[in-house]
Amino acid sequence: MAVTDAQNPLLGETTCGSLLQKLQEIWDEVGESDEERDKMLLQIEQECLDVYKRKVEQAANSRAQLLQALSDAKIELCTLVAALGEKSLVGMPETGSGTIKEQLTAIAPVLKQLWKQKEERVKECSDVQSQIQMICAEIAGNSHERTAAAAVDESDLSLKRLDEYQVKLQELQKEKSDRLHKVLEFVSTIHDLCGVLGMDFIGTITEVHPSLDDSTGVQSKSISNGTLSRLAKTVSALYEDKKQRLHKLQELATQLIELWNLMDTPEEERRLFDHVTCNISASVDEVTTPGALALDLVEQAEVEVERLDQLKSSRMKEIAFKKQDELKEIFAHAHIEIDLEAAREKIMALIDSGNVEPAELIADMDHQIARAKEEALSRKEILDRVEKWMSACEEESWLEDYNRDDNRYNASRGAHLNLKRAEKARILVNKIPGMVDNLVAKTRAWEEDRGISFTYDGVPLLAMLEEYALLRQDREEEKRRLRDQKKFHEQQSTEQEAGFGSRPSPARAPGTKKVLGPRANGGANGTPSRRSSLNANQNGSKSAAKDGRRDSMRLAAPANHVPISKEDSASHVSGTDPIPASP
């Protein structure tokens, strides 16, 4: 084996050649054989090979580790990019460019940036999920229970997933806001209802949920489904209670007003219960005054109604007579005759006997009053026509007296007023036959509908109209007879004038002058008074006295009438002035 004796003079260091040379010198000095020398050199060579192998293996292992680290880094890079949802990344090294260490050096800052971005994204997702979890717990009614931290799925940390979480959070926040608004509305409604009903608001609302007290913050109030359901039930119960109390109070107010009216309670005493009667016609939603429907107020009204009921029993006769007077007035206006004395005696007997409850007696009289009002309403149209007919008959009577007056055209004071009245009276009198026919038709229809006779102050109206028709027929016959008699006298006067050559002036019939004025019981022409003679025959002196009073009111001469003298009707009937028919 060739041995190199060379030594590196520049470095001054021991080299393999110098060592080999030194070894040969030693061998020479020792006298080693060539075989031993070759054997030793082979051994040295083998040991050098082993050292080289170890170094190569170490280098290969180091390279493998670097390659594995590079591969792991690339995998981690891909995982982070996929988790973060990054489609492109700035600064991403090109694959296979440069040595392994260069590639590792290039990828390290990118990994660091991605790890930081991942940690931030995990925190954001965790915060959003925690808020979602907290709101869900509030809606479920489990906000008081401690919940575990939200688990974040680190395999999907993309912005899309984060946006989904945020959208869900916004929906839940809106639902929470809506629920909170609804809770506050319920609480406000309960507050108003408790105020109107005079109830303890704090006690009522804390029974639903303790967090609804005003002392807690708005965001701390329960918004669970159970709380909303209990609030709705509480509002419904309070509203129903309000409705019942208002109905009760309105009934009591109505009774109070009826009792006050019955007993003529003074206004000062009524004002004490204005807070009760002010809501007599109000709807449930219109009553908003605090304490307007409190229990003590309802009880106060009940006590007052009970007191007035007892007072009403002691004043029953006075109340009953007042009702009787009201009934009498209705019948008087409707021209219906009743036996008031008998009715009064009957009421006295019922009250004294104690066989009838005061409330029942008053209710019965109220029923009679209602029926009387209904009866009067059904008679109103016919009575109005009767009034018009009688007024027309009065004008007819006045017109006939006026037509008999020879001085009616004199220029006396007020003559022009009587002329105007006469013109209107003639127009009205000409309508009397139509009035009578229409009145007969209306009366018969009324009687057929009700099956009873229509009476006017106790006299059948159809009998009055029939009597009027007979009187009118007699008047027409009398007028015809007077016209014939006048024509006969005029003919005789003409013949006498032709025989003696001159015509005497007409002689005035003897008699005293009469002054126009009201007729106490109808005119000589057959005009009826407010009640015909048939009424007088059927009802006696009592009805006649009533008729006299009514006639004196109805038949009085008008204010613009001027008395004018007149002659006897038989000698002053004019053929030119029409004499209208009278009823």
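**A chat about the helices**

Modeller: Keep in mind that this is a predicted model. Let me start with α3, which bends by about 25° at I107. A proline, P109, follows within four residues of that bend.

Colleague: What do the ends of α3 tell you about the span of its 41 residues?
Modeller: Helix α3 covers residues 100-140, and at 1.5 Å a residue it should span 60 Å. Its end C-alpha atoms are 57 Å apart, which agrees with that expectation.

Colleague: And what comes just after α3?
Modeller: That is G141, which takes a positive phi of about 85°.

Colleague: Okay, on to packing. At what angle do α2 and α3 pack?
Modeller: Helix α2, residues 34-84, packs with α3 at an angle of about 30°, and the two axes are 9 Å apart. Angles under 35 degrees count as roughly parallel, so α2 is roughly parallel to α3. Their crossing is left-handed.

Colleague: Which residues make that contact?
Modeller: On the α2 side they include L66, L70, L77 and L84. Among those from α3 are I107, the site of the bend, along with L104, L111 and W115. By class, the contact has 16 nonpolar, two polar and six charged residues.

Colleague: Why might residues three or four places apart point the same way?
Modeller: An α-helix has 3.6 residues a turn, so residues with that spacing point the same way.

Colleague: How do α3 and α4 cross, left-handed or right-handed?
Modeller: α3 passes α4 in a left-handed crossing. Their axes come within 9 Å and cross at roughly 25°, so these two helices are roughly parallel to each other.

Colleague: Which residues meet there?
Modeller: From α3, they include R121, C125, V128, I132 and I139. From α4, L162, L169, L172 and R179 are among them. R121 of α3 is also listed in the contact with α2. The α3 and α4 contact has eleven nonpolar, four polar and seven charged residues.

Colleague: Last topic: where do the axes of α4 and α5 come, and at what angle do they cross?
Modeller: The axes of α4 (residues 159-197) and α5 (residues 201-208) come within 9 Å and cross at roughly 145°. This crossing is right-handed.

Colleague: Which residues touch, and how many are charged?
Modeller: V187, I190, H191 and C194 of α4 meet F201, T204 and I205 of α5. This contact has no charged residues, with five nonpolar and two polar.

Methods
Residues numbered from 1 in each chain as written. Predicted model: local features only at pLDDT ≥ 70, side-chain atom pairs only at ≥ 80, totals over all residues. Heavy atoms only, no water. Expected span 1.5 Å × (residues − 1). Bend = angle between axes of the 7 residues up to and from the residue. Axes fitted to C-alpha atoms, helices over the stretch in contact; angles between N-to-C directions. Parallel < 35°, antiparallel > 145°, perpendicular 65-115°, else oblique. Left-handed = near helix turned anticlockwise from the far one by under 90°. Contact = heavy atoms within 4.5 Å. Nonpolar A, V, L, I, M, F, W, Y, C, P; charged D, E, K, R; others polar.
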